[in-house]
Structures are given as structure tokens and as C-alpha cells.
Amino acid sequence: MLHLPIEILRHILDLATYVPNAFNTSFEAIEGEDRDHVLQLIHQSLITKTILSCVSKELHFIMESLLYEIVVIFRFRFVPILLERLRTMSGGQTRTWGHTCRRLDIYLGVGSDAGYLDESWNEGGHTLWGLIPTCPRLEVLLVRVVCQDGGSRPKSLFPAPHLTHNCLWKTISSFCAGTLRRLELFGFSIRMDRVEMMLRYMTALEACHIFHCTPFYDLDYWDSRSRGNWMPDTHDDEEPTSRVYYRSRPGRVQCEIGRRKSLEFVQSQETEGTPSGWFDHQIRAEFEAAKANTVWPPYHGGPAPYILPKLHSLHLMLTPHFFEFILPSLRSFSTTGISEQAMFFIRNTDAAFAYGVPPSPSAMAIGDRSHSNSFDKNGSIPASELRKNNPNYKYFPKPDLHSTIFGTFPVTITHLSMRRYVPLNQVLDRFPNVTHLTWDIHFTCNPPATISRPHTALQQIAIRNRCLDDTSLLAVNQVLEAAKKGWLVKLKEIRCSNLTKDRTYLPRGLMLPYEKSKELGVALSDVLQKGSRLDCFCEY
């Protein structure tokens with residue numbers, strides 16, 4: 001075997017150690033992915049590659065190029081070592097090992113591994129410590145970096161996103177936007193206008209999951225609308241010094257924007273000029289140069305809307321920026337956050353106010369019950385009520401079904417995860433072809449909504465909650481009542497998906513209506529949500 005030409009031998013060894021799931025970005029692979037299992041397969045493959053590289057010099061030369069095809073990092077202390085290795089050129093090579101890297105996974109501060117205490121975040125976090133420029137042929141980039149806040153916040157409760165310099169989005173766009181097929185970012189505070197600018201370069205992107213997005217409003221906007229109650233979202237991603245954070249209250253969920261000095265900013269002020277010790281002077285100088293000199297690459301496409309022809313799976317905050325893209329292949333869409341503007345346009349079917357002139361944040365704050373008596377039976381605020389509260393509002397005519405004033409959702413969406421805020425009837429109206437719906441009612445404050453139009457596609461609905469309670473029962477009965485009236489003709493399954501088996505909040509004597517669902521031919525089940533050791537509780 002060792003007498004075979006080196007090209008054939010390399011191809012054989014590549015096939016023998018290849019992990020198909022690691023690079024499979026098809027819709028089916030993304031929807032049914034077991035991340036823990038994939039990482040186990042990658043681990044086994046890396047062990048095999050390492051063993052083969054020790055057999056002989058010839059195999060070592062071949063396997064070394066395959067060894068860095070996938071890089072997985074769980075602890076920060078390995079970042080400087082890997083950076084040095086990926087910048088190394090072996091004898092006879094004209095490119096560094098970083099050019100052979102096709103998949104980069106970074107998991108810091110998640111799962112059962114050692115926590116990440118923001119080591120060297122200020123020095124090199126804006127380029128992922130030089131790893132992005134060193135690996136310019138990335139096809140899969142999955143990064144979860146959870147801020148520990150020095151241990152002041154439990155890991156499982158609403159992890160706060162890192163303040164992130166916009167150099168990171170420019171770096172990703174400059175070095176690997178053309179090759180990326182899958183992108184996942186968790187733990188980075190990113191404005192939606194930056195998301196729009198970054199994604200327009202990624203025409204090969206097939207799956208994109210970006211958490212911790214924030215809508216962006218300027219000072220003039222908030223000065224005119226806040227009435228002194230809310231802080232403007234002036235997240236400065238040039239030199240960020242404060243964090244936008246969210247907090248929940250027992251009994252209801254309210255989106256509260258607050259500001260505080262970030263841990264990393266305070267630490268950098270206290271130790272200004274003192275290097276972290278993780279990187280030498282030359283690499284720190286490179287980090288500083290990148291922060292000062294990195295710009296958006298030239299964009300040769302046309303103006304918005306931008307086309308992402310291959311994108312089939314998307315997780316993103318729902319804001320007006322969503323409608324700046326044409327997504328002809330989108331099949332799966334999920335969101336954990338909806339901006340104030342987008343939420344109003346989706347929920348209200350009677351009238352809409354002019355773009356850029358929304359109601360006061362205090363009136364539209366999630367969980368605010370000041371208009372609880374104003375909702376109609378469909379969960380909307382009648383135009384007359386809005387006009388009475390503020391006669392200066394400007395109105396548009398009622399938008400067409402399945403659309404909003406910002407645009408129309410892609411009719412190709414079949415798998416949808418809508419979390420909070422939007423009543424079920426509004427979800428079904430806007431997404432006529434969805435077959436699998438995940439409806440998160442955890443801490444919901446939505447008024448009851450009656451399904452009054454036929455939906456001919458919905459087959460399965462998963463009702464997610466922290467635990468089975470009276471809210472879950474109300475939602476199940478609401479769906480079954482719609483099925484009984486013939487509005488959900490293809491519904492086959494209702495799944496109550498809960499985080500715990502706790503039944504403390506379930507009123508005594510009440511139980512899921514199994515008999516009623518059986519009569520309607522709908523399977524009803526109560527299951528625990530399948531978790532992963534890499535999962536992080538997220539409300540963004």
C-alpha cells in the first residue's frame with residue numbers, strides 16, 4: 001500500500017477518516033442533527049488520523065494535511081497553540097495548514113467543560129484570536145462563546161452576549177464569506193444592520209443560525225419615542241463599553257433594556273496596557289492592526305433586496321431587516337426574538353402605523369398589559385383603539401393575508417419555530433404552507449386567539465413550555481377546537497414539549513384531553529425536550 005502514488009494513498013486515507021455529517025449542510029441533515037453524536041464522530045476520526053500519522057514519515061506527511069481539516073476547541077488555553085500550528089508551513093508546502101481547515105467549531109463556556117472567563121477577549125475576540133484570517137477556506141463555522149461575567153451569573157440563566165467589535169463581521173465577510181455553507185454564532189452581541197451587511201456576501205450559505213441579535217435605533221428615534229422611560233440602543237460596536245441585557249420577571253416576561261459597564265471593559269480599564277499573557281507582542285500587534293484597518297470588502301451585487309439562493313435554514317431575530325433578503329429556498333425559519341416594529345405589524349391586522357413611527361416602547365413592551373382590554377378576539381389591537389391612544393399615528397391599509405407592511409414571508413417555509421409574542425392564528429395566517437410548527441408559549445402574555453381560517457398544510461405542532469401547566473392545556477384545547485371545526489384538516493400530531501416533568505403548576509384534576517384528540521384522529525403526547533451538553537438557555 002505504501003508503494004502507491006501519494007495522491008492515491010492520500011485519497012484512500014481521506015475517505016477512510018472522512019466524517020460525512022461534519023460537512024453535510026442539506027436541509028434534512030440540519031433539521032435532524034445530533035450535535036453531540038457528530039462531535040463524537042469527529043473525535044474518533046481525529047484519533048484515527050493521529051495514530052496513522054505516527055506510523056511512518058510518509059503517512060505523517062499525508063495525515064498532517066488531513067488532521068487540520070476539522071478543528072474543534074473546547075478550552076481557551078488551546079487557542080494560542082492551534083493558532084501557531086495553523087500558521088505553520090510544512091516542508092515543501094506553499095500554504096499554511098490553516099488553508100486545509102474546512103470546519104471550525106469553538107465552544108467556550110458551554111456544557112460541562114471548563115468555563116470561559118473572557119480570557120484575552122479584548123485583545124483578539126474581534127478576529128476570534130486570528131483564527132478566521134488563518135482559515136480562509138472555511139465551509140462550516142460554528143461558534144458558541146458564553147460570557148461568564150466572572151461567575152456572577154449562573155451559566156444556565158440567560159447568558160449575556162459578549163460586546164463584539166464590528167471588526168469580526170468584517171473579517172468573516174472578507175476571508176470566508178464566499179466559501180461558507182453553514183454559519184452559527186452564539187454569544188456575540190450583533191446589531192441587525194450588521195447582520196444584513198454580512199449576509200449579503202454569503203451567496204453559498206445554506207444554513208445560518210445567529211443568536212443575540214438586537215434591533216438598532218438611533219438616538220433621535222428614541223428621544224422622540226421613549227418619553228424618558230427606555231434607554232436608546234446605542235450599542236457602539238466600534239469601541240463597545242456597555243452591554244444591552246434582558247431580564248425576566250416572575251409571572252410575566254418583559255423586555256427590559258439596561259446598561260452597565262461590561263466585565264471585560266472594567267477589567268481592561270483596570271489593567272490598561274497590561275497584556276493578557278496568552279499571545280506574544282507580534283500577534284497582539286496584528287490584532288490591533290486588524291481592529292484599526294479591517295473594512296467591509298467590496299460588494300459587487302445590486303442594492304437590497306439581496307438574494308441568498310441556497311439558504312434553506314435560518315434562525316434570526318425578526319426585524320424589518322429580514323425583508324431585505326430574497327430567500328427562494330428557505331424551508332426552515334425560527335426566531336427567539338421579534339423587534340417592536342415587526343411584532344406590531346404581524347399582530348395587528350386592522351391597521352398599521354407608518355414605518356419609523358411606532359408606538360411608544362412602554363406601550364409595546366412585551367408583557368405590558370395596559371392594552372389588555374383592547375385586544376379583539378384575534379389578538380389584535382383595533383385601529384380605533386390605537387387612534388384614541390395617539391391621534392398622531394399614521395396608518396396604512398390592512399396588509400394582505402400572509403404579508404406584513406415590510407414584505408411577504410417566503411411561501412416556501414414548511415418548518416417554523418415562532419417563540420412567544422404572536423398568537424397562533426396570526427402565525428398560521430402569515431405562513432400558509434408550514435407543515436411543522438413549534439409554538440413556544442413559555443411565559444406567554446398573548447391574549448387567547450381563535451383560529452377562524454382553514455390551514456391546509458399544518459401536520460404537526462409542538463407546543464413548547466417550561467412545564468405542563470394550564471397555559472399548555474389552553475393551547476392544546478385551542479388547537480383541538482380548530483381541528484374539530486375543520487380548520488386544520490391535515491393535523492396529525494400535537495406534541496407538548498416541556499423542559500421538565502414538573503406538574504406543580506398544573507391545576508389538580510386537569511389533564512391533557514387524550515380522549516378528545518383520539519376522537520379527532522390527532523395523536524397527543526407529552527414529551528421532554530431533548531437536550532445537548534452544548535445547549536445554552538437563550539432568550540434572543
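**Reading rings and cores**

Trainee: Why is tyrosine 201 called buried?

Mentor: This is a predicted model, and in it tyrosine 201 has a relative accessible area of 12%. Buried means under 20%, so tyrosine 201 qualifies.

Trainee: What makes tyrosine 299 partly exposed?

Mentor: Its relative accessibility is 27%.

Trainee: How do you know what kind of pair the rings of tyrosine 201 and tyrosine 299 form?

Mentor: The structure holds 22 aromatic pairs. For tyrosine 201 and tyrosine 299, the ring centres are 5.5 Å apart and the planes meet at 90 degrees. Pairing asks for centres within 6.5 Å, and planes over 60 degrees apart count as edge-to-face, so this pair is edge-to-face.

Trainee: Which parts of the chain does that pair link?

Mentor: Distant ones: tyrosine 201 is in the loop between helix 10 and strand 6, while tyrosine 299 is in the loop between helix 13 and strand 8, 98 residues apart.

Trainee: What about the rings of tyrosine 299 and tyrosine 306?

Mentor: Their centres are 5.7 Å apart, with the planes at 90 degrees, so this pair too is edge-to-face. Tyrosine 306 is at 11% relative accessibility, so it counts as buried.

Trainee: Which charged residue lies over the face of tyrosine 299?

Mentor: Arginine 200, at 4.6 Å from the ring centre. The charged end of arginine 331 likewise sits over a ring, that of phenylalanine 27, 3.9 Å from its centre.

Trainee: How do you know whether the span of helix 4 agrees with its 19 residues?

Mentor: Helix 4 covers residues 35-53, and at 1.5 Å a residue it should span 27 Å. The C-alpha atoms at its ends are 27 Å apart, so the two agree.

Trainee: What do the buried residues of helix 4 pack against?

Mentor: Among their partners are helix 2, helix 5 and strand 1. The buried residues include Val38, Leu39 and Ile42.

Trainee: Which residues touch the most other members of the largest nonpolar core?

Mentor: Trp129, Leu183, Met198, Ile210, Leu437 and Ile494 do, in a core of 93 residues. Helix 18 gives the most to this core, with seven residues. A second, separate core has 14 residues, including Val19 and Phe211.

Trainee: What does tryptophan 129 touch?

Mentor: Leaving aside residues up to four places away in sequence, its contacts include Phe76, Tyr116, Trp121, Phe279 and Phe287. Ring pairs also link Trp129 into a cluster with residues including Phe76, Tyr116 and Trp121.

Note on methods. Residues numbered from 1 in each chain as written. Predicted model: local features only at pLDDT ≥ 70, side-chain atom pairs only at ≥ 80, totals over all residues. Heavy atoms only, no water. Phe/Tyr/Trp six-rings, centres within 6.5 Å; stacked < 30°, edge-to-face > 60°. Helix = DSSP H or I, 4+ residues; strand = E, 2+ residues; numbered from the N terminus. Buried < 20%, exposed > 50% of the residue type's maximum accessible area, 1.4 Å probe, protein only. Lys NZ or Arg CZ within 6 Å of the ring centre and 35° of its normal. Expected span 1.5 Å × (residues − 1). Contact = heavy atoms within 4.5 Å. Core = buried A, V, L, I, M, F, W, Y, C linked by side-chain atoms within 4.5 Å.
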